[in-house]
Amino acid sequence: MRFLVIPAVVAALTFGAGSMVLADEAANLGSGMASEAGGGMQAEQERAKSQLRSKKEKSKSEMKSKSNDLKAEKKRTKAKKAKSYKSAKEAAEALQRGSH
C-alpha cells in the first residue's frame with residue numbers, strides 16, 4: 001500500500017507544483033504586459049496633454065488678437081465720433097456767427 005501512496009503523492013506534488021509554476025509565469029507575463037500597456041497609455045496621455053496645451057495656447061493667442069482688434073476698433077470709433085462732434089460744433093458756431 002505504501003508503494004501506491006508514494007507515487008500518488010509524488011504525482012500530486014509534481015502536477016501541483018507544475019501548475020503553480022505555470023500560474024506564476026502567467027502572472028509575471030500578465031504584469032509585464034500590463035506595465036508595457038501602462039507605459040504606452042502614459043505616453044498617449046502625455047501626448048494628449050501636450051496637444052491640449054498647444055490648442056489652449058493657440059486659442060488664447062487668437063482671443064488676445066481679437067481683443068486687441070476690438071480695442072483698436074473702439075479707439076477708431078471714438079476718434080471718429082470726436083471728430084464728427086468737433087465738426088458739428090464748429091458748423092453750429094459758424095451758423096451762429098453768420099446769423100448775427
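The protein has one helix and zero strands. The model is predicted. Helix H1 covers residues 2–99. The protein has 100 residues, and 0% of them count as buried.

Now turn to the charged side chains. Opposite charges can pair when the charged atoms of the side chains come close. The structure holds three salt bridges.

Start with Glu-44. Its salt-bridge partner is Arg-47, and the closest N and O atoms are 2.7 Å apart. Both residues lie in helix H1, three residues apart, which is about one turn of the helix. Glu-44 is partly exposed, at 41% relative accessible area. Arg-47 is partly exposed too, at 47%.

Move along to Glu-73. Its side chain meets that of Arg-76 in a salt bridge, at 2.6 Å from N to O. Glu-73 has 39% relative accessibility, so it counts as partly exposed.

Finally, look at Glu-93. Glu-93 forms a salt bridge with Arg-97, with 4.0 Å between the closest N and O atoms. The cut-off for a salt bridge is within 4 Å, so this pair is counted. Glu-93 and Arg-97 are four residues apart in helix H1, about one turn of the helix. Glu-93 is partly exposed, with a relative accessible area of 35%. Arg-97 reaches 60% relative accessibility and therefore counts as exposed, because the exposed class is over 50%.

How values were computed. Residues numbered from 1 in each chain as written. Predicted model: local features only at pLDDT ≥ 70, side-chain atom pairs only at ≥ 80, totals over all residues. Heavy atoms only, no water. Helix = DSSP H or I, 4+ residues; strand = E, 2+ residues; numbered from the N terminus. Buried < 20%, exposed > 50% of the residue type's maximum accessible area, 1.4 Å probe, protein only.
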